[in-house]
Every structure is written in structure tokens, then in C-alpha cells.
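Please keep the sequence and the structure at hand while reading.

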Amino acid sequence: MRAIEAAAAGAPPRLVWRTAEVLSVTEETRRVRTLALDVPGWPGHLAGQHLDVRLTAADGYTAQRSYSIASAPEAPHVELTVQQLEEGEVSPYLAHDVRPGDRFEVRGPIGGHFVWAASQGGPLFLIAGGSGVVPLMAMLRHRAAAGSTVPALLLHSSRTIADIIFRDELDALVAAGDGLRVIHTLTDAPPADWTGYRRRIDRAMIEEVGFPPAATPRCYICGPSGLVETAARALVELGHAPALVKTERFGPTGG
Ligand SMILES: Cc1cc2nc3c(=O)[nH]c(=O)nc-3n(C[C@H](O)[C@H](O)[C@H](O)COP(=O)(O)OP(=O)(O)OC[C@H]3O[C@@H](n4cnc5c(N)ncnc54)[C@H](O)[C@@H]3O)c2cc1C
């Protein structure tokens with residue numbers, strides 16, 4: 001809550017490095033894990049914000065990367081959900097090697113643009129590619145925790161069915177019947193009985209499933225740069241106000 005109060009007062013909380021301890025590690029998919037962290041002194045966050053992780057090797061070498069906060073502001077712990085990039089420097093540690101009890105530094109929360117609070121209302125139109133679902137999941141978790149029933153749609157692109165992050169939890173949120181729809185598209189080898197979309201997110205898909213511009217949805221797009229650019233351009237071309245289209249880019253290609 002302190003982050004919300006500070007943001008409301010126009011003063012972002014001061015950024016300091018804090019030592020986080022890994023409390024638990026949960027496997028989400030073959031390449032994606034969620035870390036629950038204990039961060040003494042954490043000032044709180046808004047759904048959609050991220051933090052910086054800093055790893056320090058025994059010889060003093062440091063590497064720093066940004067990770068979205070997956071947990072809702074209401075959750076007891078800060079959670080990160082990290083996808084392992086085979087040739088990556090930092091993600092293999094966070095998504096594969098890390099164990100409960102490990103410690104590393106974090107700094108945050110960061111970002112005041114790509115955030116949603118239930119008090120802002122909806123509809124909420126979320127578009128994700130791969131691990132780009134992480135900050136959007138924080139928004140959906142916050143929506144549920146706050147008891148918000150604003151109409152919400154998550155359009156989520158994954159490679160295969162096994163790569164869909166948070167699939168069971170998303171199914172459960174939809175089953176609550178409080179106005180959330182989730183639509184998956186698979187870009188790589190869908191099973192024969194897959195009846196959903198089987199291509200990358202494009203303008204036709206967004207027009208077909210999305211809210212019409214007249215509904216003035218708040219749109220949040222997150223994922224690899226190509227997906228973010230395609231989706232943002234499509235939304236604006238379809239007539240959505242640019243000010244309502246917010247984007248967060250995770251990386252150059254995959255994601
Ligand atoms: C605001 C923000 C939030 C982010 N949140 C998350 C998150 O919640 N979960 C998550 O898994 N990642 C997230 N990322 C991406 C993350 O910061 C790292 O870029 C990613 O983990 C790769 O780091 P690395 O050290 O393993 O790879 P690097 O050693 O930095 O890169 C290895 C190779 O992979 C390429 N590459 C770098 N990033 C990506 C990418 N995202 N996709 C595909 N190729 C890439 C590089 O060009 C390079 O060729 C976020 C990025 C930003 C900017």
C-alpha cells in the first residue's frame with residue numbers, strides 16, 4: 001500500500017538495493033519458474049511494475065536485469081516469473097539454478113506508466129506474448145483480489161500448449177465468472193484437437209476478439225518487441241485512443 005500512497009502523492013519511493021531471499025521456487029513450464037521472495041523493507045508495488053535484479057559473483061562481477069512483478073500488490077510476497085533463455089547470462093540462474101534460501105539484490109518497484117489499479121476501472125484489454133503475461137497476470141490477480149468485476153480480456157500468445165504460463169490459474173480465474181475472458185493462440189505445433197487460434201497475434205485477431213474502441217478499454221501489451229509493435233499499431237489503426245494503449249517490451253525477439 002505504501003507504493004500506492006507515494007504514487008498518489010506524486011513521489012515515487014526511493015530506490016535502494018535490498019537483499020531478497022528466495023522462499024520458494026515453483027515450476028510453471030519447462031523453461032519458466034516463479035520465485036517467491038522475502039524482501040525486508042519492500043515498500044509495496046502497483047500491478048504492472050517491475051524491479052531490477054542484481055547478481056554478484058564471487059569475484060565481484062555483477063549482472064543486472066529487469067523483471068516484472070508477478071504477484072498482486074495484495075500478495076504476502078514479491079513474486080518473479082522468469083523464462084530461461086538458453087544463452088542468457090541471468091535468466092538461467094533465476095529460472096533453473098536458484099534454490100530456496102539463495103539471496104540476491106533487488107531494487108524497486110520501478111515504472112509508473114505500465115500500471116493498473118482497480119480504482120481506474122475498465123474494460124481491461126491485455127495482450128501478451130510468452131513471458132509478457134507476467135505483469136498482466138499481476139493486474140488480473142489484483143483485479144481478483146480487489147473484487148473488481150470490470151470486463152477484462154487476456155489475449156495470450158504462446159509457442160505450444162505446454163508453454164502457456166499460468167494456464168491453470170487463468171482457467172480458475174475465468175471459471176469464477178466475474179467478467180474475465182482468456183483467449184490463447186499457439187504459434188508452434190498446436191495439438192490436432194486444438195480449436196483455438198494457431199498463429200501470431202495480428203490485427204484481424206485483435207479486432208475479432210477485442211473490445212470495440214467505443215468501449216474505451218485500457219489496453220496493456222507486453223512481450224517481445226515485434227508483438228508489442230504489431231499489437232499497438234493494430235489497436236490504434238482500429239480506432240483505440242493512443243493514450244489508452246500502454247506497452248512494455250521484454251526483449252528483442254522471443255519471449
Ligand atoms: C521492464 C522489463 C520487464 C521484464 N520482465 C521479465 C519477466 O517478468 N520475466 C522474464 O522472463 N523476463 C523479463 N524481462 C526480460 C529480462 O530483463 C531479461 O532480458 C531476460 O531474462 C534475459 O536475460 P539474460 O541475462 O538471461 O539474457 P542476456 O544474456 O541478456 O541475453 C542473451 C541473448 O538473448 C537475447 N534476449 C535478451 N532478452 C530477451 C528476451 N526477453 N527474449 C528473447 N531474447 C532475449 C539477447 O539479445 C541475447 O542475444 C523483462 C525485461 C524488461 C525490460
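## The ligand and its shell

In this predicted model, the ligand is surrounded by 24 residues, and the closest are Gly88, Glu89, Val90, Ser91 and Gly251. By class, the residues of this shell divide into 12 polar, eight nonpolar and four charged.

Two strands, β4 (62-68) and β5 (78-83), each supply at least two residues of the shell around the ligand, and the largest share, four residues, comes from β4. Seen by domain, the shell draws at least three residues from each of domain 1 (2-110) and domain 2 (118-249).

The protein is divided into domain 1, which covers residues 2-110, and domain 2, which covers residues 118-249. The centres of the two domains, taken over C-alpha atoms, are separated by 23 Å.

Where the domains meet, 16 residues of domain 1 are in contact with 15 residues of domain 2. On the side of domain 1 that touches domain 2, β1 (17-29) and β5 each supply at least two residues, and the residues of that side comprise six nonpolar, seven polar and three charged.

## The antiparallel sheet

Six strands form an open sheet with antiparallel pairing, and their order is β4-β3-β6-β1-β2-β5. The strands at the edges are β4 and β5, each with a single partner strand, so one side of each is left without a neighbour in the sheet. From one strand to the next, the twist of this sheet averages 40 degrees.

Within the sheet, β1 and β2 form a hairpin with two residues between them, and these antiparallel strands are joined by seven bridges; Glu21, for instance, has Asp38 in β2 as its bridge partner. Strand β2 also pairs with β5 in the antiparallel sense, here over six bridges, and Ala36 stands opposite Glu79 in β5. Six of the seven residues of β2 (residues 32-38) are buried, so this strand is largely enclosed by the rest of the structure. Elsewhere in the sheet, strand β3 (residues 50-56) and strand β6 (residues 103-110) pair in the antiparallel sense over four bridges, with Asp52 opposite Arg107 in β6.

## The parallel sheet

A second open sheet has five strands in the order β9-β8-β7-β10-β11, and its pairing is parallel. Its edge strands are β9 (180-186) and β11 (245-249), each of which pairs on one side only, and the twist averages 10 degrees from one strand to the next.

Strand β7 (residues 124-129) and strand β10 (residues 218-223) pair in the parallel sense over five bridges, and Phe125 stands opposite Cys219 in β10. Helix α4 (residues 167-175) lies across β8 (152-158) and β9, and the helix runs at about 145 degrees to β9.

## A closer look at Ser68

Ser68 is found in strand β4. Is this residue, Ser68, buried or exposed? Ser68 counts as buried, because 28 C-beta neighbours lie inside 10 Å, where 20 or more are needed for that class.

Leaving aside residues up to four places away in sequence, Ser68 touches His50, Val134, Pro135 and Ala138. Ser68 and Phe250 are 182 residues apart in sequence, while their C-alpha atoms are 9.3 Å apart in space.

## Backbone details

Most residues other than glycine have a negative phi, and most peptide bonds are trans. Against that background, two peptide bonds can be described here: the bond from Gly108 to Pro109 is cis, with omega near 0 degrees, and the bond from Gly122 to Pro123 is also cis, with omega near -5 degrees. Pro109 has its place in strand β6, whereas Pro123 has its place in the loop between β6 and β7.

Phe166 lies in the loop between β8 and α4 and, with 25 C-beta neighbours inside 10 Å, counts as buried. Ala189 is found in the loop between β9 and α5 (203-209) and, with 11 C-beta neighbours inside 10 Å, counts as exposed.

Note on methods. Residues are numbered from 1 along each chain as its sequence is written. This is a predicted model: local features need pLDDT of at least 70, side-chain atom pairs count only at pLDDT 80 or more; totals for chains, interfaces and linings use all residues. A residue is near a molecule or strand if its C-beta atom, placed from the backbone, lies within 6 Å of it. Ala, Val, Leu, Ile, Met, Phe, Trp, Tyr, Cys and Pro count as nonpolar, Asp, Glu, Lys and Arg as charged, and the others, Gly among them, as polar. Domain bounds come from an automatic or database domain assignment. Two residues are in contact if their C-beta atoms, placed from the backbone, lie within 7 Å. A residue is buried if 20 or more other C-beta atoms lie within 10 Å of its own, exposed if 12 or fewer, and partly exposed in between; C-beta atoms are placed from the backbone. Two strands pair if DSSP finds at least two bridges between them. Axes are lines fitted to C-alpha atoms, for helices over the stretch in contact, and angles run from 0 to 180 degrees between N-to-C directions.
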